[in-house]
Amino acid sequence: MSYSIFHNLVIKASTKEVFYAVSQPEHLNNWWTLKSSGIPKLSQEYNLNFTDTYNWFCKVSEIKTNEYILFKMTMSDKDWNPTTFGFNLKETEMGTSVRFSHSNWRIQNDHFKIASFCWAILLNGLKKYLEKGIIIPFEERN
């Protein structure tokens with residue numbers, strides 16, 4: 001059995017803008033990572049750096065430009081390593097519907113629960129970044 005985190009939200013921005021924000025390193029650094037690198041193409045590796053201790057890697061496991069992107073963790077901590085997270089985007093009258101998932105957690109431990117809470121905060125930061133141009137300093141994204 002595995003467990004998953006799900007969050008849905010609407011962002012008043014185009015699907016293209018949201019896709020760039022969740023797939024381009026220069027945008028990821030504005031709402032999630034301290035510094036990142038990667039190319040949004042199938043099987044391409046991303047480096048997700050949060051600190052020297054949390055310097056993680058993943059690969060693009062599924063992608064359709066401006067519609068969805070999924071990342072499979074390849075090197076992280078023991079709880080995140082088997083997981084896949086991603087963003088499914090759909091244009092609506094209100095903006096872009098974002099359906100976020102983070103799946104394949106082995107157990108619903110404290111780390112799982114903290115990650116779910118953190119994703120909610122980070123996704124709100126993504127929304128503020130795209131709708132209002134607000135970049136929350138990395139040190140304040142916890």
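**Strands, core and pocket**

Guide: Strand β2 (residues 35-37) pairs with β3 in the antiparallel sense, over three bridges. Strands pair if DSSP finds at least two bridges between them. Strands are DSSP E runs of at least two residues, and helices are H or I runs of at least four, numbered from the N terminus. This is a predicted model: local features need pLDDT of at least 70, side-chain atom pairs count only at pLDDT 80 or more, and totals for chains, interfaces and linings use all residues. Residues are numbered from 1 along each chain as its sequence is written, and side-chain values use heavy atoms, with hydrogens and water left out.

Visitor: Which residue stands opposite Ser37 in β3?

Guide: Asn47 does.

Visitor: And how many bridges pair β3 with β4?

Guide: Five, in the antiparallel sense. Tyr46 stands opposite Cys58 in β4. The two strands, β3 and β4, form a hairpin with five residues between them.

Visitor: Why is β3 largely enclosed by the rest of the structure?

Guide: Because four of the five residues of β3 (residues 45-49) are buried. Buried means under 20% relative accessible area, exposed means over 50%, and partly exposed is in between, using a 1.4 Å probe and protein chains only.

Visitor: What does Phe87 touch?

Guide: Its contacts include Val22, Trp31, Ile69, Phe100 and Leu123, not counting residues up to four places away in sequence. Contact means heavy atoms within 4.5 Å.

Visitor: Ser101: buried or exposed?

Guide: Ser101 counts as buried, at 18% relative accessibility. Ser101 sits in β7. Leaving aside neighbours within four places in sequence, Ser101 contacts Ile5, Phe6, Leu70, Thr84, Phe85 and Gly86.

Visitor: What about Asn104?

Guide: Asn104 has a positive phi too, near 75°. Asn104 is in β7 and is partly exposed, at 34%.

Visitor: On to the core. How many residues in the largest one?

Guide: The largest nonpolar core has 34. Those with the most contacts inside it are Trp31, Trp32, Trp80, Phe85, Phe87 and Trp119. The largest share, seven residues, comes from α3. A nonpolar core is a set of buried Ala, Val, Leu, Ile, Met, Phe, Trp, Tyr and Cys residues joined through side-chain atoms within 4.5 Å.

Visitor: And the largest pocket. What volume?

Guide: About 540 Å³. Of its 17 lining residues, Trp32, Phe50, Cys118, Leu122 and Arg141 are the closest to its centre. A pocket is an open set of points on a 1 Å grid where a 1.4 Å probe fits, with protein on both sides within 12 Å along at least five of seven lines; lining residues have an atom within 4 Å of a point.

Visitor: Which helix gives the largest share of the lining?

Guide: Helix α3 (residues 110-132), with six residues.

Key. Grid points are joined across faces, edges and corners, and a volume is the space filled by probe spheres set on the points.
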